Amino acid sequence: MDDVAVGPLDLVARVDDALAVQALAFGLTDDEIAVRRHIVLRHLTCPGARALGATTPAGRLVGFVYGMPNDRAHWWSTVVEPYLHSEGLDHWLDDSFVITELHVHPAHQQHGIGRALITRITDEAREPRSILSAIDTESPARGLYRALGYRDLARRVLFPGAPTPYAVMGAPLPLRRP
């Protein structure tokens, strides 16, 4: 896992560092970063929201994850609910810990950092399962999620303003270990 430490992250204080990682990992524009900054800060006011970071010995943030207990009233849930309902799986929105964002700097990917971040944050969850959305393509991220026990609950999910379809994935907790 390189020489990187995973631990609690004050995401409010380091939101710009985290979004810089997300921008590199996800290819975001400055305008998209500005919108996401407000979203992240709003999410962190939700009950049970928490974050972990992956930092180098020099304190450079190279990865982060944050999530919270799912709430059907949140925007994400209202978008994915019809897709899950059509599959008979909308009960996954209840009593689940949602992984809101998970990103690792491209230079540090494929070193176990993403796995360490997601397993540690879900190990601390009180909910019996976890849900997330990921771009609906075969990618290293989707491969990691499957290896951890996530399975596709709905595919071709379209979020307003996003040009690419997503998959909603769910896994029982604790996540599978290799």
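Let's start with tyrosine 145, which is buried at a relative accessible area of 7%. Here buried means under 20% relative accessible area, exposed means over 50%, and partly exposed is in between, using a 1.4 Å probe and protein chains only. Bear in mind that this is a predicted model, where local features need pLDDT of at least 70, side-chain atom pairs count only at pLDDT 80 or more, and totals for chains, interfaces and linings use all residues. Residues are numbered from 1 along each chain as its sequence is written, and side-chain values use heavy atoms, with hydrogens and water left out.

**Rings that meet**

Tyrosine 150 is buried too, at 3% relative accessibility. How many aromatic pairs does the structure hold? There are three. Rings of Phe, Tyr and Trp (its six-membered ring) pair if their centres lie within 6.5 Å; planes under 30 degrees apart are stacked, over 60 edge-to-face, and the rest tilted. Two of the pairs are set out here.

| Pair | Centre to centre | Angle between planes | Type |
|---|---|---|---|
| Tyrosine 145 and tyrosine 150 | 5.8 Å | 65 degrees | edge-to-face |
| Phenylalanine 159 and tyrosine 166 | 5.2 Å | 85 degrees | edge-to-face |

**Helix α5**

Tyrosine 145 also belongs to helix α5 (residues 140-147), whose buried residues are Arg142, Leu144 and Tyr145. Those buried residues fall within an arc of 160 degrees seen down the axis, so they line one face of α5. The arc is that of the directions from the helix axis to the C-beta atoms. As for the names, helices (H or I, at least four residues) and strands (E, at least two) are DSSP runs, numbered from the N terminus. What covers the buried residues of α5 includes β4 (96-104), α4 (113-123), β5, β6 (151-157) and β7 (166-172). Just after α5, glycine 149 takes a positive phi of about 110 degrees.

**Around serine 130**

Is serine 130 buried or exposed? Serine 130 is buried, at 0% relative accessibility, and lies in strand β5 (residues 129-135). A polar atom of its side chain is 3.1 Å from the backbone oxygen of phenylalanine 97. Not counting residues up to four places away in sequence, serine 130 touches Trp92, Phe97, Ile99, Thr122, Tyr150, Met169, Gly170, Ala171 and Leu173, where contact means heavy atoms within 4.5 Å.

**The cores**

A nonpolar core is a set of buried Ala, Val, Leu, Ile, Met, Phe, Trp, Tyr and Cys residues joined through side-chain atoms within 4.5 Å. The largest one has 28 residues, and those with the most contacts inside it are Leu11, Tyr66, Trp76, Val80, Leu84 and Val168. Two or more residues of this core come from each of α1 (15-26), β3 (61-69), α3 (75-86), β6 and β7. Another core, of 25 residues, lies apart from it, with Val6, Val62, Leu173 and Leu175 among them.

**Proline 69**

Finally, have a look at proline 69, which lies in strand β3. Proline 69 is partly exposed, at 25% relative accessibility. Leaving aside neighbours within four places in sequence, proline 69 is in contact with Pro47, Gly48, Ala49, Ser96, Phe97 and Glu127. Between proline 69 and arginine 50 there are 9.7 Å in space, C-alpha to C-alpha, though the two are 19 residues apart in sequence.

Definitions and conventions:
A polar contact is a pair of N or O atoms within 3.5 Å; within protein, one must be able to donate a hydrogen and the other to accept it, and residues adjacent in sequence count only if both atoms are side-chain atoms.
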